[in-house]
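Here is a short report for a reader new to this model.

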Amino acid sequence: MSSVAAQEQRRATAAAARASAASKGPRLTRKHREWLAAGLFLAPDVLGLLVFVAIPMVLSIVLSFFQVSGFGSYEWIGLGNYRRMLDDPLFWDSMKITGLYVVILVPVLFCVSLALGLLVKQKLPGMGIYRTALFLPYVISLVVVGVLWKFLLDEQTGAVNRAMRAAGFDGESWLGSPSLALGCVIAVMVWVMMGYYMIIFLAGLQEIPKEFYEAAKLDGAGPWTAFRTITWPLLRPTSFFVLLMSTVAAITGGLDLIFVLTNGGPANGTSLAIFYIYQQAFGFGEYGYASAMGSFLVLIMVLISAVIFKFTRGGRFDDGE
């Protein structure tokens, strides 16, 4: 009788456990748990992009069809802001300056960063200090950088002109000459950004197996041959990333540096498109017009990015034929 009672008790316990499990609902499979975990990890970034990028971008496009008087009335004018943009010579001058700025800055920054990446990859005493020193300008606020270089490049009291005069040369009006100011802005931007892209190149270089270089050395290959046949082909995905990101940064960045360093001058010689848009929005309260120019600039940036993807095959360049 006791065994029968024990069996009945076990059956009742199992039934209660099944009922409890059924009341809790179906259990998630491993695949569903992985998707849930991935979604929770991505949620903060997705939310940030949605709130601070996607929604403002859509609102900017909508705003470009209105005539806005400060923070007051909104008047629908359709494509009026875009027609005004097409007839605005100052905007197209700023686009020309931006084009020249990008064409010079991106290749110089690419080559300098790659050279520094190759240099700091060497195992030399104190290399960690050199890497930190080269990366340090990137973490400094561009406003601070602008103030620092404005002081160094001052025509009368700047350290650069003092050094030139001490060496027997005449000083230059670095930030007061239209032919020199843009070059100074480009040089400062290279100084600021080269450490960041140096680290990216260094990461790509460290992914290349050492055995490839050892085999090339046994075959009698010199440094240039090893770079041309091993380093450059295997560094192409990294090079694509640097090329794309530096181009986008050149088109959309540097506003605070230019504002502090030259304020768009002299004679609008450093008035990039992003600076001209800022002037129209926050200097003259032309928010609708600034939104139209901003939307056009984003379109240009997307087209340039698409061209880079097309001609580099997404970082594969001529591979995959």
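## Helices α8 and α11

Helices α8 and α11 are roughly antiparallel to each other, because angles over 145 degrees count as roughly antiparallel. Their angle is about 160°, and their axes lie 10 Å apart. Helix α8 covers residues 178–206, and α11 covers residues 236–252. Helices are DSSP runs (H or I, at least four residues), numbered from the N terminus. Axes are lines fitted to C-alpha atoms over the stretch in contact, and angles run from 0 to 180 degrees between N-to-C directions. The crossing of α8 and α11 is right-handed, which for a crossing means that the near helix is turned clockwise from the far one by less than a right angle.

Contact here means heavy atoms within 4.5 Å. From α8 come Met193, Tyr197, Ile200, Phe201 and Gly204. They meet Thr238, Ser239, Phe241, Val242, Met245, Ser246 and Ala249 in α11. By class, this contact of α8 with α11 has 8 nonpolar, 4 polar and no charged residues. Ala, Val, Leu, Ile, Met, Phe, Trp, Tyr, Cys and Pro count as nonpolar; Asp, Glu, Lys and Arg as charged; the others, Gly among them, as polar.

## How the model is read

This is a predicted model: local features need pLDDT of at least 70, side-chain atom pairs count only at pLDDT 80 or more, and totals for chains, interfaces and linings use all residues. Residues are numbered from 1 along each chain as its sequence is written, and side-chain values use heavy atoms, with hydrogens and water left out.

## Helices α10 and α11

Helix α10 (residues 223–234) also packs with α11. The angle is about 55°, and the axes are 4 Å apart. That makes α10 oblique to α11. Trp232, Pro233 and Leu234 of α10 make the contact with Arg236, Pro237 and Ser239 of α11. These residues divide into 4 nonpolar, 1 polar and 1 charged.

## The nonpolar core

The largest nonpolar core has 64 residues. Such a core is a set of buried Ala, Val, Leu, Ile, Met, Phe, Trp, Tyr and Cys residues joined through side-chain atoms within 4.5 Å. Helix α8 gives the largest share, 16 residues.

Phe91, Tyr101 and Leu105 have the most contacts inside this core. Beyond its neighbours within four places in sequence, Leu105 touches Ile186, Met189, Val190 and Ala250.

## Phe259

Phe259 sits in helix α12 (residues 255–261). At 42% relative accessibility, Phe259 counts as partly exposed. Buried means under 20% relative accessible area, exposed over 50%, and partly exposed in between (1.4 Å probe, protein chains only).

Leaving aside neighbours within four places in sequence, Phe259 is in contact with Phe275 and Tyr278. Phe259 and Leu142 are 117 residues apart in sequence, yet 9.9 Å apart in space, C-alpha to C-alpha.

Key. Helix = DSSP H or I, 4+ residues; strand = E, 2+ residues; numbered from the N terminus. Parallel < 35°, antiparallel > 145°, perpendicular 65-115°, else oblique.
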